[in-house]
Amino acid sequence: MDELSGLREHYNKGQLLESDLLEDPIQLFMLWIEAAIASKEVLEPNMMVLATSFEGKPSARAVLLKGLEPSGFIFYTNYHSRKAREILDN
C-alpha cells in the first residue's frame, strides 16, 4: 500500500489570514463560494458536510447546498430521515 502516500494533494493555493476575515461569517462564506465557482477547479462547490449528533455521537454526511441567505444555509432533506430528526433534536 505504499502507493497511497503518493496520493496526497497539496492545498497551497491560498491562505486564510485573520486580517482577511469579515465580521459576518455568511458574507465571508459568500466570497469563498463565489471564488470556488469562478475558479472552475472545484468539482462541486456546493457540496458541504452536515454534522449532527446521534445518541451523543457525531453523525455527518455530505449534502448539497441549495441556497444561501443572510440568515443561513439552505439544503433539502427528507423530513422523516434520521438527519432531520437529529436536526430537530439539536
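Here a residue is called buried when its relative accessible area is under 20%, exposed when over 50%, and partly exposed in between (1.4 Å probe, protein chains only). Thr52 falls at the buried end of that scale, because its relative accessibility is 14%. The structure is a predicted model, so local features were taken at pLDDT of at least 70 and side-chain atom pairs at pLDDT 80 or more, while totals for chains, interfaces and linings use all residues. Residues are numbered from 1 along each chain as its sequence is written, and side-chain values rest on heavy atoms, with hydrogens and water left out.

Thr52 sits in strand 1; helices (H or I, at least four residues) and strands (E, at least two) are DSSP runs, numbered from the N terminus. Contact is taken as heavy atoms within 4.5 Å. With residues up to four places away in sequence set aside, Thr52 touches Lys57, Pro58, Ser59, Arg61, Glu86, Ile87 and Asn90.

Glu86 leads on to helix 2. This helix spans residues 82-89, and its buried residues are Lys83, Ala84 and Glu86. They share one side of helix 2, because they cover an arc of only 160° around the axis; the arc is that of the directions from the helix axis to the C-beta atoms. What do these buried residues pack against? Their partners are strand 1 (47-54) and strand 2 (57-64). Leu88 and Asp89, on the other side of helix 2, are exposed. For Asp89 the relative accessibility is 68%, so this residue counts as exposed. Asp89 and Ser53 are 36 residues apart in sequence, with 8.8 Å between their C-alpha atoms.

Glu86 forms it with Arg61, and the closest N and O atoms are 3.0 Å apart. Since Glu86 lies in helix 2 and Arg61 in strand 2, the pair ties together parts that are 25 residues apart in sequence. Are the two partners buried or exposed? Both Glu86 and Arg61 are buried.

Next come the aromatic rings. A pair of aromatic rings is described by the distance of the centres and the angle of the planes. Rings of Phe, Tyr and Trp (its six-membered ring) pair if their centres lie within 6.5 Å; planes under 30 degrees apart count as stacked, over 60 as edge-to-face and the rest as tilted. A search of the whole structure turns up one aromatic pair. The pair is edge-to-face, because the rings of Phe29 and Phe73 have their centres 4.9 Å apart and their planes at 85°. Phe29 belongs to helix 1 (residues 25-39) and Phe73 to strand 4 (residues 72-74), so the pair links distant parts of the chain, 44 residues apart. Phe29 is partly exposed, at 22% relative accessibility, and Phe73 is partly exposed too, with a relative accessible area of 41%.

Leaving out residues up to four places away in sequence, Ala36 touches Val42 and Pro45. Between Ala36 and Gln15, 21 residues apart along the chain, the C-alpha separation is 14 Å. Lys40 is found in the loop between helix 1 and strand 1, and its phi is near 60°, a positive value in a residue other than glycine. Lys40 is exposed, with a relative accessible area of 72%.

The surface also carries a nonpolar patch. Patches are made of residues with over 30% relative accessible area and no salt bridge, where like charges are joined within 9 Å and nonpolar side chains (Val, Leu, Ile, Met, Phe, Trp, Tyr) within 5 Å. Leu16, Leu21, Leu22, Leu31 and Trp32 form the patch, with about 490 Å² of accessible area together; accessible areas come from the Shrake-Rupley method with a 1.4 Å probe, and for residues only the protein chains shown count as cover. Leu22, in the segment before helix 1, is partly exposed at 35% relative accessibility.

Terms used: A salt bridge is a side-chain nitrogen of Lys or Arg within 4 Å of a carboxyl oxygen of Asp or Glu.
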